Structure formats: structure tokens, C-alpha cells
Amino acid sequence: MVLSFTHGIILGFAAGFILVLVILNESSYSLSFVSRFTKINLYQRSNIRRMINTSYDDNQVFVFPDECPLVRAYLDVVRDTVCGLALRTREHTFGYDNQIHPMDINQRIKGLDWPLIGVTMIGQKRLINIEWALRFVIANEVSGDFIECGVWRGGSSIFARAVLKALNNKDKHVWLADSFQGLPKARTKNDNDNWSKMEYLKVSLEEVQENFRSFNLLDNHVHFCKGYFVDSLPRCNISQIAVLRMDGDMYESTMDQLFNLYSKLQLGGVIIIDDYAITECKRAIHDFRSWHNITDKIQLIPGDQIGRYWIKGQNIEVQRNRYIPLISSTKHYTQ
Ligand SMILES: C[S@@+](CC[C@H](N)C(=O)[O-])C[C@H]1O[C@@H](n2cnc3c(N)ncnc32)[C@H](O)[C@@H]1O
């Protein structure tokens, strides 16, 4: 059929219109992430205020505009593998009754169970929070490294290393602090000894390193600080922190992390509290914040009920005198 001149014009306009729609759709898709991550001058007070209230939505797709689509695909696979979701036909839950049960996918997404095969227990939503935090500090040029205190099998730190590697970030290192022999006995009346009896939480340094190797992610950007926090964190060589992830469950473990590391967290850096739902941990957070007049907004992790985070908007002088009663009366545990 031969098209008339008028038909040709109409078809041309229609094709052009569709092309414009496609381009607009593509750019708004990638901009939906980027619009929250425009660079901010950290030293302007008003901008710090804007920055510390930054949050994200549960359904947001994290992609920088110039990013290869395979980065998103790779990170989705690593994330769901470390938490055991990708292995769902084989994966099970190790119950608090010491028995093995079928995995409940919804529990795993929220990090509410102990994986049998998976190498992190924090679940999918808190893993997404790690990726968000790393992208946030990169986009805002916050200097410093990622550290996780309390790593168990190492899966969430493995994912942190995967994010930095996939984004081709060469500045930021990943640090793992743990006793690599489980939780300590209580030093004060703030805690009890129950945690120290949990055999399932005792994972050796060698096993964590082997887990890193299995993802081909054990390299010179990964460092280990071994020992109970009260001894190991003062000696840990990390100088500046951009993302501080705390997962030590107990009051004292949380305080050891805050007193030794909070002053290294840079302005605009992200502090993540995995165990906010545990009474002792939550009390430590609020004691530390009130002793130091920290008012940065505590934010919910989208889709998760357990963890929280805040963005550091004010520098504080750490009051060591508040820490002395927590360490002076007890022996140290150096191995
Ligand atoms: C709940 S697990 C951490 C889970 C881990 N973040 C994950 O991704 O699965 C708690 C970890 O904290 C460590 N831990 C707790 N308190 C500690 C302390 N005071 N010193 C050293 N390690 C500690 C334990 O050895 C254990 O590996």
C-alpha cells in the first residue's frame, strides 16, 4: 500500500512522540535514584541538615545514571545468595530450639531467623540498607571506610565489599571486627551471660575468610580486627569511617563500639544499628545519645522491623569518663 503524504506526516509525528516518551521514561527511571544523591557540600550547615534527613523508599531501585545494568544484576545475586534466599530449595532455618526447620521466606527477607547455609542472618532488607548507605556516602563524597562490628559468618561484609567492587570504588576498605569465637560473658549488670553460651554464633576467622574467598572477594581491601571489642577496637587501625555497622547484640558490645569508633565516623557518615529491637542494645544507644546530646534523627530501615540508622550531622566530644565504669571493674579478654 502506498502512503499518502498526510499519512506519512502523521506516522512521523507518532513515531517521534513515542521516541520522546521512551527517552523520558528511561531518564526518569535512573533519575529516581540519582535525584536523592546530588552532591552536597558537607561544610554548609543548612546542607548537613538536609543531608541527615535523607531516607529511601522500600521499592527504590539503586542505580547511578552511568552505571552498567550488570552491576544491579550482580549485586542482586550476591545479596540474595549471602542471606540464603537464592538457595531457597535447599536452605533451612536453625531454630532457637537447636532444631532445623524449613525456611520461611518472609522471615528471611526481614532477617528474623538464623540461616543454615546462608552466611548472614541480617536478611534482605538490612542488606539493601548496607548498599544504600555505601551509595549514599560515595555520592556525597564522605571519606572513610566501611566497618562491621559483629560479623558472624561475614556475609554482610562480603556484600559490602561486593558493592564497593561493583561500583569500582578503590578508596573505601572493608573492616570486620569480631572475637571470631562468639559473644563474651557479661562484664557488668547491664548484660547477662546467655549470649556467650550460643554455640551457633561462634564462627572462626578462617571460616569467614573462606566465605569471602568463595565469592572471590578476599583482597587487599578487606581487613580483620580480631578480639573482644573492648580490647580489639582501640587497636583497630581504621582511621576514618564512612559507614559504621554495629551488630554486637549486647549493651556492653554496643558501648564498646560507640566509645571506640563514633568519633571516627565522618560527618555525613551512616551509623547502622542492627539490634535496635534488643532491649540492651537500644538502651545503650539511648544512653550514649543522651550523654552526648546527639539529636540526629533515628530512621527506620524500609521493610525491616529490627534495625535503625542515622546520618551523623554533629561532631561530639566522646566522654570517656562515662565508659570507665563499663571497663574498669573487669578483666580484659585479649587472646
Ligand atoms: C548476631 S551476630 C552478627 C551477625 C552478622 N552481622 C551477620 O551479618 O550475620 C553477633 C556477632 O557479634 C560478635 N560479638 C558480639 N559481641 C562481641 C564483642 N564484645 N567482641 C567481639 N565480638 C562480639 C559475635 O562473635 C558474633 O559474631
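Where does Y276 lie? In this predicted model, for which local features require pLDDT of at least 70, side-chain atom pairs count only at pLDDT 80 or more, and totals for chains, interfaces and linings use all residues, the residue is found in the loop between β7 and α10. Residues are numbered from 1 along each chain as its sequence is written. Helices (H or I, at least four residues) and strands (E, at least two) are DSSP runs numbered from the N terminus.

Y276 has 22 C-beta neighbours inside 10 Å and therefore counts as buried (20 or more other C-beta atoms within 10 Å of its own; exposed, 12 or fewer; partly exposed, in between; C-beta atoms placed from the backbone). Apart from neighbours within four places in sequence, Y276 is in contact with C281, K282, I285, I306, G307 and R308, contact being defined as C-beta atoms, placed from the backbone, within 7 Å. The C-alpha atoms of Y276 and D247 are 9.4 Å apart, although 29 residues separate the two in sequence.

An open sheet of 7 strands with mixed pairing has the order β5-β4-β3-β6-β7-β9-β8, where two strands pair if DSSP finds at least two bridges between them. Its edge strands, each pairing on one side only, are β5 (222–226) and β8 (299–300). The pairing of β6 with β7 is parallel and extends over 5 bridges; I241 stands opposite L265 in β7. Helix α5 (residues 123–139) packs on the sheet, where it touches β3, β6, β7 and β9 (308–311), and its direction makes about 180 degrees with that of β7. Axes are lines fitted to C-alpha atoms, for helices over the stretch in contact, and angles run from 0 to 180 degrees between N-to-C directions.

Helix α9 (residues 251–261) is largely enclosed by the rest of the structure, because 11 of its 11 residues are buried. The elements covering these residues include β3 (145–149), α8 (229–235), β6 (241–246), β7 (265–273), α10 (279–291) and α11 (320–327).

The ligand is surrounded by 24 residues, of which T120, G150, W152, S156 and S253 are the closest; the criterion is a C-beta atom, placed from the backbone, within 6 Å of the molecule. Two or more residues of this shell are given by each of α6 and α9. By class, the shell comprises 11 nonpolar, 8 polar and 5 charged residues (nonpolar: Ala, Val, Leu, Ile, Met, Phe, Trp, Tyr, Cys and Pro; charged: Asp, Glu, Lys and Arg; polar: the others, Gly among them).

How values were computed: Contact = placed C-beta atoms within 7 Å.
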